[in-house]
Every structure is written in C-alpha cells, then in structure tokens.
Amino acid sequence: MGNIFRKAFIKSIPIMCSYLFVSMAYGIMMENAGFKWYYSLLVSLTVYTGAYQFVLVTLLSSGASILTMALTAFLMNSRQSFYALTFVDEFNRMGKRKLYMIHTMTDETYAVNCTLPDTGKEKQSIMFWVAFLSRCYWMVGAVAGGILGQIIPFDMTGIDFCMTALFVIIFINQWEKAESHIPAIAGIVIAAVCLLVVGPQYFLLPSLIIASAVLVVWNMRRK
C-alpha cells in the first residue's frame, strides 16, 4: 500500500505543481467576485473542472440561470466523454471506486494515467490515488487562494501556462515511447485545421470527433 501511494504521489507531482497555482488563482478570483473561500471549496467538491470553474465565477457574478450554467458545463467538458472511452474497462474493474474515478477524470489525470504501465491491480490503485491526490491539490489551492486573496494582492498573469507545459512534457514522453507517430501527427494536423476553420473557442470538440473517427478507421485498417 505504501509503495503504491508513493508511486502515485511521484506521478502526481507535475499535476500538483500546476493545480496548486492555478487553483489559487481561481480562489482569488472567487474572493474578488465576493465569494468566500468556503464557496471555492464547495464548488471544487461538486463541480471539479478547472476551466469551467473559472467561467463559473463570471456566471455566478452575472446571475446566470441554472440552465445556462449546466449547458455551458456540458459543452466545455464534453471532451471528457472521449477520454473515458480509453479507461472503460479499467474503471469497470475498479468496483466501488468506479464512480469516483468518473467524477475525478480531468485532462491532467487522464494524461498521467496514459503513461502508467499495464500492471493490473497496481495500475488501478495508482490511478485512484493520482485522482484523489489531484483533487486534494486543487481544493487546497482553491481554499488557500480564497484566504490569501483577502489579505494579499496577487498578479497571477501567465501562471496557467504551467498546465500547457505539463501536456507538452507528456506529449514528448509519449512520442518517444510510441511505435508509430501517425496518431500524434494526425491529431496535430486535425486540431490545427479545426482551429483555423472554427476558431479557438469551438475547435476542441470537432477536432476530437474527427480525430477519433480517423484513428478508429486507421486501427481497423491495420487489423
């Protein structure tokens, strides 16, 4: 148990480095909008989706309807449906932890889980602890940001780039390990085309749909 937790903690360190700072920025924004630290904690416990939580600050401040909030959350996080397909079998084998794993699936935990070796029960335990630790990092940062935002002025400009850096590192790691670079190249090209066609606000979902379809066809032809 201790060895598995240690491995999970080591794997979660990049997530910790990004989550703590980004969630602190979120907590500070919530406090500046008039919401105390316990609201940041409550949202992080129930919603737990970083990008949408930042948008939620504006929605709450403007008095948006529940329907608007729900629809925005669905559209912003629809990409998680594609992530979940990768771990359907893994989650089904995790028993009571399945629902928690679904709730705590994020871009960062998905990326880290993709780097784990296929070791059965040990892999499932590491995935669980990575998800648990990552959620704790976010909540601690959100509360700390809410508290510190009341007493110390912060300029958090550019701090969210640490998440981008995390994905670049993971991409390079996967590139070096992969036998074929066709999926990675296809993903880059499709994302770039969708970005040019529909713009930065809407390109993510169509690029995921097209890339998934292309890779499914490619895998079928290989077999």
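**Close-up views of cysteines and aromatic rings**

**View 1. A look at C194 and C17.** C194 is buried, at a relative accessible area of 10%, where buried means under 20%, exposed over 50% and partly exposed in between (1.4 Å probe, protein chains only). C17, by contrast, is partly exposed at 43%. The structure holds 0 disulfides (a disulfide being a pair of cysteine sulfur atoms within 2.5 Å). Please keep in mind that this is a predicted model, in which local features need pLDDT of at least 70 and side-chain atom pairs count only at pLDDT 80 or more, while totals for chains, interfaces and linings use all residues. Residues are numbered from 1 along each chain as its sequence is written, and side-chain values use heavy atoms, with hydrogens and water left out.

**View 2. The ring pair of Y38 and Y39.** There are 13 aromatic pairs in the structure, counted when ring centres of Phe, Tyr or Trp (its six-membered ring) lie within 6.5 Å; planes under 30 degrees apart are stacked, over 60 edge-to-face and the rest tilted. Y38 and Y39 have ring centres 5.0 Å apart and planes at 40°, so this pair is tilted. Y38 is partly exposed at 44% relative accessible area, and Y39 is partly exposed at 39%.

**View 3. The ring pair of F87 and Y110.** Here the centres lie 5.8 Å apart with planes at 80°, so F87 and Y110 are edge-to-face. Both residues are buried.

**View 4. A ring cluster and a charge over F128.** Ring pairs join F5, Y100, F128, W129 and F132 into a cluster. The charged end of R97 sits over the F128 ring, 5.4 Å from its centre (CZ of Arg or NZ of Lys within 6 Å of the ring centre and within 35 degrees of the ring normal).
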